[in-house]
Amino acid sequence: MTLLPPAAGAHSPGSGEFDDDLPPVTGWLSKSLAVVCTVLLAGILATVLLQVFMRYVMNSPLTWTDELTRLQLVWLTFFGAVLTYRLGTQIAVDALELLAVRRGWHRVAGSAEVLIQAVIILVSLAFLLGGMQLVEATVDRPTPALGIPVATFYAAIPVSGALIMLSVAEGAMKRLKRTAEPT
């Protein structure tokens, strides 16, 4: 991953010069995740602003806004992780892979990608199975302010695990399809 900034004066805001830096959000699942993340972020902003207004202007703080903000932040974090994976914009340490490509060790670079995907599948499986256990263990416990099950917070874990596993499978199918096509 290269983190070098552009040369000074190379980009002016709104010039459109770096519009291709981020991949486009394509596919119904990615678009849906982007919309949900946007709504959650707007919800966090609205909830925090409401709490600030009620506390400092009305001098009557609300008891439930902290809990709702935390719930939205948890879901935003896990859905954002899925969206980031789907877009391929996650932070990666690719020094070994870049070194292998520069030296002509293409098999090593390819093996690194397979290993990375295998680790992602294992972590996603842990999210799915461990998250389901957390949900089951907390489904009967209500939160203090909102009175909703604590499992509502933990449900983001298995959902994101399943979505990441689905995304890995989708990516593998696309790669297989590309390699099977005649050149």
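## The second largest pocket

In this predicted model, the second largest pocket has a volume of about 170 Å³. A pocket here is an open set of points on a 1 Å grid over the protein atoms alone, with protein on both sides within 12 Å along at least five of seven lines, and lining residues have an atom within 4 Å of a point. The volume is the space filled by probe spheres set on the points, which are joined across faces, edges and corners.

Among the lining residues are Phe78, Tyr85, Phe127 and Ile164. Helix 4 gives the most, with four residues. By class, you will find seven nonpolar, three polar and no charged residues here; Tyr counts as nonpolar and Gly as polar.

## The largest pocket

The largest pocket has a volume of about 820 Å³. Its lining has 33 residues, and Tyr85, Gly88, Gln90, Glu113 and Gln117 lie nearest the centre. Helix 6 supplies the largest share, eight residues. The classes split into 17 nonpolar, eight polar and eight charged residues.

## Helices

The protein chain has six helices and zero strands; these are DSSP runs, with helices being H or I of at least four residues and strands E of at least two, numbered from the N terminus. After helix 2 comes glycine 88, with a positive phi near 70°.

## Notes on the model

Residues are numbered from 1 along each chain as its sequence is written, and side-chain values use heavy atoms, leaving out hydrogens and water. Local features need pLDDT of at least 70 and side-chain atom pairs count only at pLDDT 80 or more, while totals for chains, interfaces and linings use all residues.

Technical notes: On a 1 Å grid over the protein atoms alone, a cavity is a set of points where a 1.4 Å probe fits but cannot get out, and a pocket is an open set with protein on both sides within 12 Å along at least five of seven lines; lining residues have an atom within 4 Å of a point.
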